There are 2 protein chains.
Amino acid sequence: MTRFKLTIEYDGGPFVGWQRQANGASIQQALEEAVEKFSGEQVVVYGAGRTDAGVHARAQVAHLDLAREIDSFRLMEALNAHLRPAPISVLSAMEVADDFHARFAATERRYLYRIKNRRSPLTFDAGRVWLVGAPLAEDRMQAGADHLVGHHDFSSFRAAECQADSPVKTLKKLTVERVGSEIHVRARARSFLHHQVRNFVGSLKLVGQGKHGPDWIAEVLAAKDRTKAGPTAPPDGLYLDAVRYE
Amino acid sequence: MTRFKLTIEYDGGPFVGWQRQANGASIQQALEEAVEKFSGEQVVVYGAGRTDAGVHARAQVAHLDLAREIDSFRLMEALNAHLRPAPISVLSAMEVADDFHARFAATERRYLYRIKNRRSPLTFDAGRVWLVGAPLAEDRMQAGADHLVGHHDFSSFRAAECQADSPVKTLKKLTVERVGSEIHVRARARSFLHHQVRNFVGSLKLVGQGKHGPDWIAEVLAAKDRTKAGPTAPPDGLYLDAVRYE
């Protein structure tokens with residue numbers, strides 16, 4: 001038995017999310033079927049982050065075990081061949097120790113949220129960014145974001161369906177940067193609550209357009225009440241950007 | 001009569017190109033139909049660059065004349081409303097002098113060519129980059145590109161169907177830069193021959209993968225013979241990036 005670590009890019013648009021579900025195609029299922037097609041083995045592919053429907057990944061990390069001996073480069077090539085034409089691409093595969101676990105060994109997850117801040121409709125980026133027509137002040141958004149960094153009870157930014165044991169998390173970094181007509185919100189933490197990044201962005205957008213001051217974010221955080229925060233930003237703009245291990 | 005200058009973004013994938021043609025939908029036609037839908041006026045929309053089938057624009061420039069009085073912001077909004085769901089977006093509209101001509105007054109055109117240089121298949125970027133699996137050395141490509149800058153007879157990089165009077169053009173700038181897993185080739189000139197940028201990229205790719213030395217580009221240029229150069233790079237990676245006026 002050999003354990004492999006995969007790094008995977010995908011367009012989340014056509015999927016119900018990372019995780020296998022009864023109601024539609026998931027990325028996990030597509031990968032598991034690709035493994036079975038070339039090896040005949042039925043495996044579970046464990047992902048570091050269970051991205052939601054429509055959420056993308058630039059570098060999801062997953063692991064799987066294979067009984068059959070196979071070179072890691074050939075594994076990558078075989079998976080990509082059998083994944084076609086799904087918009088899922090295995091960027092790398094490598095052998096890892098038997099105790100490596102993509103989800104439980106991850107020490108940091110990094111997300112990127114892309115807002116296209118312009119009046120005109122989307123072309124190339126339809127489904128891949130959140131289009132916000134109202135002008136956003138990224139400096140105000142950053143000032144709001146600064147209130148969120150650190151060890152907090154994030155109940156105000158937690159989805160009702162969140163399965164985490166506790167709403168307390170440590171947010172390592174939250175930056176807001178303008179890149180041409182886009183605003184990029186980047187978040188780093190060991191782990192996140194369900195919808196946490198999208199809920200951050202939904203509230204920071206209100207600050208950016210001047211509906212609230214940056215300090216409103218501190219009030220929302222202190223309230224520990226989801227109804228006090230802004231709406232959840234759409235999945236289109238969210239990317240699992242990197243996963244770190246020791 | 002008022003003349004308007006438009007700046008337009010489009011995904012060239014579903015179109016036969018900028019220019020009206022009998023065999024399919026063009027960007028020019030989509031714009032002209034959008035104008036007619038909201039104003040009832042039949043106009044010609046003149047573009048600065050006649051991009052080919054599958055070629056994209058981040059900032060194509062065009063002009064049109066309207067008899068009806070309309071504010072330029074409302075023109076932009078009306079065009080975008082009537083262009084839906086085509087992947088064409090008017091980024092800005094402004095009134096210009098009656099002698100402004102998008103094509104003939106342009107003093108510089110800038111193109112970007114995106115190569116995704118990796119082994120794994122495309123996801124998000126399918127149709128928007130050229131996927132090249134063989135590792136490319138961007139410094140070698142730049143050394144090759146340096147031979148092309150300046151005033152030359154570019155017959156070796158000119159499509160057979162090119163309608164320009166002369167194969168002699170002045171290439172102001174040609175840069176090759178690695179941006180993560182992509183290689184960006186940027187070209188600037190007053191005007192280009194048909195397929196010139198794609199033909200540059202097709203040859204520079206051969207230099208990047210080591211099939212020829214950088215000086216081979218000088219030989220190809222000197223030959224003034226299209227058959228000596230590399231194949232034409234696909235349209236997917238090409239973007240009309242900007243058009244400059246005095």
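The largest pocket of this predicted model is lined by 32 residues, and those nearest its centre are A:Arg114, A:Glu182, B:Arg58, B:Arg114 and B:Glu182. A pocket here is an open set of points on a 1 Å grid over the protein atoms alone, where a 1.4 Å probe fits and protein lies on both sides within 12 Å along at least five of seven lines, and lining residues have an atom within 4 Å of a point. Its volume, the space filled by probe spheres set on the points, is about 1200 Å³. By class, the lining has 18 charged residues (Asp, Glu, Lys and Arg), together with eight nonpolar and six polar ones. Strands 5 and 9 of chain A and strands 5 and 9 of chain B each supply at least two lining residues; strands are DSSP runs of E of at least two residues, and helices are runs of H or I of at least four, both numbered from the N terminus.

The model is predicted, and local features need pLDDT of at least 70, side-chain atom pairs count only at pLDDT 80 or more, and totals for chains, interfaces and linings use all residues. Residues are numbered from 1 along each chain, chains are lettered from A in the order in which they are written, and side-chain values use heavy atoms, with hydrogens and water left out.

Between the chains, 24 residues of chain A are in contact (heavy atoms within 4.5 Å) with 24 residues of chain B. The area buried between them, meaning the accessible area (1.4 Å probe) lost on being put together and summed over both, is about 1800 Å², of which carbon and sulfur atoms give 56%. Of the area that chain A buries against chain B, A:Pro121, A:Thr123 and A:Phe124 supply 34%, more than any other three residues.

In helix 1 of chain A, 10 of the 13 residues are buried (under 20% relative accessible area), among them A:Ile27, A:Leu31 and A:Phe38, and what covers the buried residues includes strand 1, strand 3, helix 2 and strand 4 of chain A. Helix 4 of chain B has 13 of its 13 residues buried, so it is largely enclosed by the rest of the structure.

Just after helix 4 of chain B, B:Gly210 takes a positive phi of about 90°.

Note on methods: Buried < 20%, exposed > 50% of the residue type's maximum accessible area, 1.4 Å probe, protein only. Buried area = accessible area lost by both parts, 1.4 Å probe.
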